[in-house]
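I opened the notebook today to go through this structure element by element. The entries below are in the order in which I looked things up.

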Amino acid sequence: MKKGVFLYLFSLISVLPAFAQMRTLTGTVTADSSGAPLPGVTIHLKGSTYRVATNPDGTYSMNVDGTPELLFSMVGYSSRELKVGPAMTRLDVKLQSLSSKLSEVVVVGYGEQSQQYTTQAVSVVKAADFSNVPAVTPQQLLQGQVAGVSMTNSSGLLGNASLLRVRGTASITAGTQPLFIVDGVPLNDGSYNTAYGGGASLNPLLEINPEDIESMTVLKDAAAAAIYGSRGSNGVVLIATKKGGYRQKTQIKLDYATGWVSPAGKIDVMNGEEYVGFFNNYITKVTGAAPITPPAQTTDWPSLVTRTGRNNNYALSASGGNEKTRFYIGGNYANDESFVIGNNLQKLSGRINLEHTANKHLRIGVNFTTAYTNMDRITVESGTLAPYTRGLQNTPVTPAYTADGQYATPTNNVLANINLSTNKYYTRRNTGNAYAKLNITDYLWLKTDWGMDLLETEERYRRSSKLGSTGTAGRAIWQDYKWLTTNSVNFEKRFAETHYVSLLAAHSYETARYDDIRVTGTGFISDLLPNVGSAATNTGNATGKAWGLESYIFRGNYRYKDKYLFEGTLRRDGSSRFDGNNRYGNFWAVSGGWIMSEEQFIRDLGFIDYMKVTASYGVTGNDRIGYYDYMGLYTAGVDANYGGNAGLRPTQIRNPKLSWEESRQMDLGLAVHVLDNRLQVAVNYYSKHSENLLLYVVVPSTTGFGFATRNAGEMRNRGVDLQITGVPVKTRDLQWTTTLNLGYLNNKVLSLPPDNRDDEGRNYILSSYNGQRVLQGHSLNTFYLLRYKGINPETGDPEWYTKDGKTTSTPAAKDQTIAGSAMPKWTGGFNNTVRYKQFDLGVNFYFSYGNKVMLTEFKELDNVYKNVATNVSRDLLNYWQKPGDQAFAPSATSASWKNGNSFAQQSTAQLFDGSFLRLKTLSLGYNVPAGLLNNTHILSGARLYVMGQNLWTVKSKHFRGADPEVSQYGTNAQVAGESYYSLPQPKSITVGANLIF
Amino acid sequence: MNRKNKIWIWLLAGVTCTGLFSCSKDLQQDPEQAIPTDDVFTSGPTSLSALYGVYSRSQRPEVFGGQPQIIGDYMADNADCYGTVYFGEISTFTATAASPIISEMWRIHFDAIMGANMVIEKVPAVQDPTFTATERKMYVAEAKFMRSILYFQLLNLFSQPYQVQQGGMPGIPIVTTAFDGTINYPSRGTVNEAHAQIEKDLLESIPDLATTFPDPVLARGRATKGAAYALLSRLYLYREQWDKAAQYADSVLNGAPYKLAADYSFYDGNTMEDVFSIQNTENDGPGGSQGWAFYYRPLAAGQSGGYCPFSASLETAFAQEANDKRFAMSDEGTAGNNQKRRFTLKFPNVITFKDNAPLIRVTEMYLNRAEALTALNGVNQDALELMNALRRRAGLSEWTLTTFQTKDAFLTAILNERRKELCFEGHRRMDQLRKGLSLRENDPERIAGAERVILPIPQRELDVSPALKGHQNPGY
C-alpha cells in the first residue's frame, strides 16, 4: 500500500508541468438530414471527463488545447469522432439520424460505457422514459420498463418497500433486494420499524426524488454485476441523478400535479341486512348463539375506514452551466394521502449537484441530497387495529359511535384508535458524494470519491388514555450512518486505431454503523401532554452495531476494430460479517461480444442496421445476513434480565463456517436493429446458479434454538429477457413508439440440506409461514396446501382431496400437496407513446402471468367463529340448504363446523390465479405550441396533462381478493404472493402541468 | 503559494489519508449487545447472569407469562375465551398443529430449558477461583429446578395425565445436555419417564438450594428448597402418590419463609404466601406487551378487549355460597365479544403487565396436603383444619367431621375449594383431567384420554424431527 502511495504522489507531481496553453473552440451541431440545429448534443473531450452540451441553438463552446479528439454524441444520432486541427477554433459538425439508443452512454459500475460496445446485460431507463409519470418512489418507474425485472408493489400502504426482483430470486432467506446505488453510493437498506410501523419494511428509495433522476441502470448479468462482488447476486440498480450541462443556458422547470386516489379493488363483505339475516339463519345454528335483533342502524365499516385520498406534488429544479461549472438544483414537496384513513406521507427533499473543472487536469464535484419525510402510519395489516383489516372484520352490527356521538368501545374501535392517537414516522436522510478527478494524461486519470448515506428514522406514537390504560407513548430513533471511499486509477487508450483498451483498478472501503434508542412510557395525567417524558413510567433501550466491507476492484476492456469486444472483471471483498477464515471472497466475470453488423457479410444483407451478440459468465455473491451470524452468542438486555439483575441468554448457534452465498451466471445476448433502426430487438438468455445459499433453517426446538443460519442448498434461475422497441408510425405530425418487455423465468431449488424430509422423501425447508414451503426440485415459492374440492351438493359438507386423490371431509396435514407457485412465469410491460401534433398519449401496461396468490384473509372471512364476532364474505350467503344445492358454503349443521375441519381452513380454497394485466398508466398531455409560449416571454415549454393509474385490471374471474398485485411480507423471499388484508394498489386520477422557463 | 498548488496539496493530503486508511482491523466487528458463548462461563458473575437468563426466559407470555395459564383455565371450565382466533380455537378444541401460538409455546419452553442445561453443564467447570463451590452447586440446583418446572408445564400441556394408562402415554422429548452444535432428535418417551426426570432433578436440587434470599424479590423469585418441595408435592399429587404429596406439602408449610396469608392482598406482593413467583417489573415484564393482566383483564376498567372472563360454570360455583371474598376479587368489564362479563382482579396491571406470576403459593400446599390426606385416610381432622383455614379466610363457614358423609364427597368439596382458590392461575385443566372430570359440563367426552384435551405437537417439530414424525397426539 505504502509503495502505491509514493507512486501515486510521484505521478501526480510529474504531470505538473504539463499544463499548456488553452484556447476556446466553438461551433454548431446540426442534423445531417434537415440541417436543424441540435440542442443537447454531448461533446466529450476524449481521454478526459470533460464534456459539454450544445445549446438550444445547437452551438457549443469548449476549452481545448493541442489537437484533441472530440466525440459528438446524442440520443438518436450516430456518434462522430473528430480530431481538432492545430489552432482550430471553430468546428461545425453534422450528425446522422439513427433513431436508436446505440450511441448513448450508459452508467455501469464504477464508470460509463457506450451502449453500442458494452458486453454487459444492462437495461437503462432514462428520464425521458418516465418524465411524464409522477411517481412517489423511483422503483415504480421500473415497473414494466425493464425486461427481467419483476416488481410487485407489496401493498398500497404509503412508504412500503416493493418486491423488486432482478432475474428471479437468488436467495432463499438472505436478502433478495437488488443493491441500490445512487451516484456511486450504495444505499442503506436495513429495516427500521416496529409493530407500529405498518406493513412491510420501509422503502430504501423513499427519500430519492424521482424528478432528480437522470437514468436508472439495472445490472442484470454477472458481467455487469460482478464489479459489485459480494452484493451483486440480486442485481444492482444504479441511479444517476441529473447533473446539468456545461455551457448550457439555465433552465428552470416547475412541475405540479394533483390527484385523487381510491382503492383499485375491494373485497365484498356483508352489509347490515345481510349479516343479521345470515347470523340468525346460519351462524346461530353453527355456534348455538342466540339470535340478534337488528340494531336501528347498522355500520358500514369498509367505507368508514376508506376515503378518497388527495395528493399534491410540487417539483422545482434549475440546471445549466458555464464553461467551467455545471449544476443541478432540485427541490420537491409531495403530500400524499392513502385511501385508507390514518395513512399519509409528506416528503420534502432538496438536491444540489455541482461539478467544477478547475483546469485541464482537475475536475471536482459534489452530489448531495437531503430529504425529510413525515408519515402517519397505521399498524401492520395483521395488527388487531389495522384500519383496512378491521373495516372488513367488524360486523355491521358493531357500532362505531354511541347514540350521543362518542366512540363506541374506544379501545377496540379502529376509528377511535386512528383519531385518538398519533403514530408518526419520520425519516431524515443525507446522501451524497464528493469526488475529484485528476487527468494525468489524456488516457490516464485518477479518481477519489467519498460518499455517505446518513439515514435517521424516528417513530413517535402517543395513544390517548381513552384507548385503554392511562395513555401510552413511545419514541424511537434508528440511525444507520454509512461512509465509503473509493479510489481508482483509470486508463483508456486506442492503439493503432484498431486496439481499444480501458483499465480500472480501485480500492474501496465501506462501513456503516447502526444505532437505535427507544423510550416508551405509560401513565399520562392528560392527553395534552404529547411527549413520552411526561409519562409516569418510562423504559429506555439502546443498541448499536456496525459492519465493514473492504474491496479491491479491477476491470479491463479490450476492443478490436470496434467489433470484437472483451471484458474481464475481478472484485475481492472482505466483510466483517464472516469469521476470519472466510472473510475474503473473490468474485469475477468475463464477457465477450461481436458486433456482427460491422462484418461485410451482414452489411451485404442490407436490412440489418446493427447486430451484436454477447456472452458472459461470472460469479457474484450475497452477504445480506445478520452482522454477527457466525458467532455463538449470549445476549444481554431486558430479555435476559430478571428481578432487577443483569442476565444473559443464549440466542445464536455458533457457525464459524458461515460464508458467502455465490451465484454463477451465464448470459447470452443478441441485439438486432432493422428497418432503419425502427425495429429493435434485444433478447438475452440467462442461467443463474446460486449455491452455498445462506439459509435461515428451522431446527428442532429441542436444541434450544428455533433457527440457525447455514450455507446449504442450491437454486437455479433460468430465463429469457426480451425487449422489442418499434416505431410503427413516424410522420411529421404523428409518431407512435411502442415497447414490449418480457421476462420469462423458471426458478428451481436444486438442493437443500437433508435434515428435513417430507413424506415423499423430498428435502425441504419449513417456512415460518404456513402456505408455502421450499421444496427441493420445485420453485422457491411453492404453495403446499390441502386441495379443496368444494361443497358436496348431496350432504352439504365441505370436501377435500386426500393425497391419493380420494375425497374426504376430514383431511389431515399429510394430505397437503404442491398447489402452484407464487413466482410468475412471465412478467413484463407493454408501453406506448403516441404523439400527434401538440398531443401526447401514454399507454403503459404491466402484466404478470402464471403465478398463484394466497389470500389468507379468506381463512377468516369465510369462517364462522364461536367466540369472536367478525363479518364474513358475502359469498357465504350462498350456503347449502338442500340436496342438490351448488353452494359456496357448507350447511349450517355440517359436522365440519364442529370437528375442526372448517371449509375455511387453510387450503387451495384461498389460493387464486394471480395472473393479471394492468393498465398501469394512461396519460394524455397537451404541449402548448411554441407560438403561444413566445408570447409569454418567460415560458419556453409547457405541458398540461391528465393521467390515470391502475385504472383497469384484467384478472381471473375466480379471483375474490381486492388486488392480485400483492405481497404481504414485502421483501421476504419465502412468502411472495401472500396477502392478509393487504391494501390494494391505489387507483388514481392526476392532473398536472410541466413548465419550463 | 498559488491556487493550483493548493489544490495539489489538498489532493495529496486526500490521497495520503486513503493510503493510511487501515481497513483490515475494521473487518473484525464484535457484537455490542451480546457476548460470544465461550466468554459466558468464565466467571461467577457471568454464570449467575446466565442463570438469570433462564428465569428471564420463563417470564415470556408463552411460558409463565400467561398463555399456558389461561389455557389451563379456559380449556377447562373456569373461563371463556374471547381472544384472537388462535386462542379461540384452543377453547373450542379445534386448534391445529399449525397454530403459531402453540408452536411458539413449545419452542420457547425449550429455549429456556436449553439455558438451564447450559448452566448445569458448564458451571462446574468455570475457571474462576473466587467462584465458590456453594455458589456453583446452588446455581446448578436452581437450573435443575427451572428445568423441571418447565418440563412439567410442557408435559401437562402436550401429554395425557398420569391417570391415563398410569403414565404410559407418550410424553415429551427430554433433553438434559447442553447443545453443542450437533442436532439430536429425542423421542417422546412416556409420561412416567418425564415425571422421573422431573423428580430426579428436584430431589437432586434440594440439598444445594438456598432456604431463602434476603431480598424479597429473589426470595420468591428464585428457586429455593421450599419451591422444590412444593413442586414435588404437586408432582406426587398428579401421580396420586398421596403420602409423598402430603409429606412434601408439609415440608413447605413447616418452612420458616412461608405462611398462609391472612387475606387476598398478597398478589404481586412477594409475601410469605408466595413459594415461587416469576418476577415481573414495570421495566421487565413478560414481553410483547402481554402478561397475565393482558389475558385475564379487560384492557381498562369498563372497557373492552377482555380475553378470559369467568365462565358461567365458575360463576355458578361461586354462587353456591354467598359472600365468598374470593368472588369479591372480580368486577364487570367488556369482553372481546363486546358483552359485559365478569373478570378477575387478581392481576390488575393492564399498563405494564408487571404482575408477578404466582406459580406456587402456600394455599396450594394446604390444598395438596388436604387432598392427599383425604385420599389416604378418608374424611379426617387434619385435612378439615387445612381446609377450614382457607374457608375462614374466604369468609365462609367452617366444615366439621359431620359435613361430609363420604370420602368422595369431601374430595369433591376440596376440589371445588381448589377451583375457587386457584382460579385464573392455570391449575383447573389438570385438576379436572386427573380427577376424571370432563373439561366441559355439557360435553362429557372432554375427559382425560380423549382426543384434543391436550395440545397438538407443533407441526414444525414433527416436520423437522424424524423421532417425532408419526407421533402426533391422536385427533390432530
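**Entry 1: helix 2 of chain B.** I began by listing the buried residues of helix 2 of chain B, and they are Ser47(B), Leu48(B), Ser49(B), Ala50(B), Leu51(B), Tyr52(B), Gly53(B), Val54(B), Tyr55(B), Ser56(B), Arg57(B) and Ser58(B). I note at once that I am working from a predicted model. The helix is mostly covered, with 12 of its 15 residues buried. It takes in residues 44-58 and reaches 22 Å from its first C-alpha to its last, close to the 21 Å expected at 1.5 Å a residue. I then asked what covers the buried residues of helix 2 of chain B. The cover includes strand 30 (633-636) and strand 31 (648-652) of chain A, together with helix 5 (100-122), helix 6 (133-158) and strand 2 (274-278) of chain B.

**Entry 2: the nonpolar cores.** I looked up the largest nonpolar core, which has 146 residues, and found that Val119(B) and Met146(B) have the most contacts inside it. Helix 6 of chain B gives the largest share of this core, 15 residues. Leaving aside neighbours within four places in sequence, I found Val119(B) in contact with Ala50(B), Leu51(B) and Val54(B), and also with Tyr139(B), Val140(B) and Ala143(B). Ala50(B), Leu51(B) and Val54(B) are among the buried residues of helix 2 of chain B that I listed above. A second, separate core has 132 residues, including Ala121(A), Tyr407(A), Val774(A) and Tyr784(A).

**Entry 3: chain B as a whole.** I counted 18 helices and five strands in chain B, and its C-alpha atoms fill a box of roughly 115 × 55 × 50 Å along the principal axes. Of the 476 residues of chain B, 55% count as buried. Among contacts in chain B between residues at least 6 apart in sequence, 70% join residues at least 24 apart. I also checked the UniProt record, an unreviewed entry, which places the feature "domain: SusD-like N-terminal" at residues 102-237 of chain B. Over residues 102-237 the chain is 60% helix and 0% strand, with the end C-alpha atoms 26 Å apart.

**Entry 4: where the chains meet.** How many residues of chain A are in contact with chain B? I found 84 residues of chain A in contact with 85 residues of chain B. Among the elements that give two or more residues to the side of chain A that touches chain B are helix 1 (2-14), strand 22 (421-441), strand 30 and strand 31 of chain A. The largest share of that side, nine residues, comes from strand 26 of chain A.

**Entry 5: two positive phi values.** In the loop between strand 26 and strand 27 of chain A I came to Lys561(A), which has a positive phi of about 55 degrees although it is not a glycine. Lys561(A) counts as exposed because it has 11 C-beta neighbours inside 10 Å, the cut-off for exposed being 12 or fewer. Asn692(A), which also is not a glycine, has a positive phi of about 55 degrees, and I located it in the loop between strand 33 (679-691) and strand 34 (694-698) of chain A. Asn692(A) has 18 C-beta neighbours inside 10 Å and so counts as partly exposed.

**Entry 6: helix 4 of chain A.** Helix 4 (residues 272-287) of chain A has 16 residues, but I read only 20 Å between its end C-alpha atoms, short of the 22 Å that a straight helix would reach at 1.5 Å a residue. I also noted a kink of about 45 degrees in helix 4 of chain A, centred on Phe279(A). Phe279(A) is buried, and so are Tyr275(A), Val276(A), Phe278(A), Tyr282(A), Ile283(A) and Val286(A) in this helix. Just after helix 4 of chain A, Gly288(A) takes a positive phi of about 80 degrees.

**Entry 7: an open sheet in chain A.** I traced five strands of chain A that form an open sheet in the order 10-15-16-13-14, with mixed pairing. Strand 10 (122-126) and strand 14 (185-186) of chain A each have a single partner strand and stand at the edges, so one side of each is left without a neighbour in the sheet. Strand 13 (residues 179-182) and strand 16 (residues 236-241) of chain A run parallel and are joined by four bridges.

Note on methods:
Residues numbered from 1 in each chain as written. Chains lettered and ligands numbered in written order. Predicted model: local features only at pLDDT ≥ 70, side-chain atom pairs only at ≥ 80, totals over all residues. Expected span 1.5 Å × (residues − 1). Buried ≥ 20, exposed ≤ 12 C-beta atoms within 10 Å, placed from the backbone. Contact = placed C-beta atoms within 7 Å. Pairing = 2+ DSSP bridges. Bend = angle between axes of the 7 residues up to and from the residue. UniProt positions renumbered as here; feature names shortened; annotations may be inferred. Core = buried A, V, L, I, M, F, W, Y, C linked by C-beta atoms within 7 Å.
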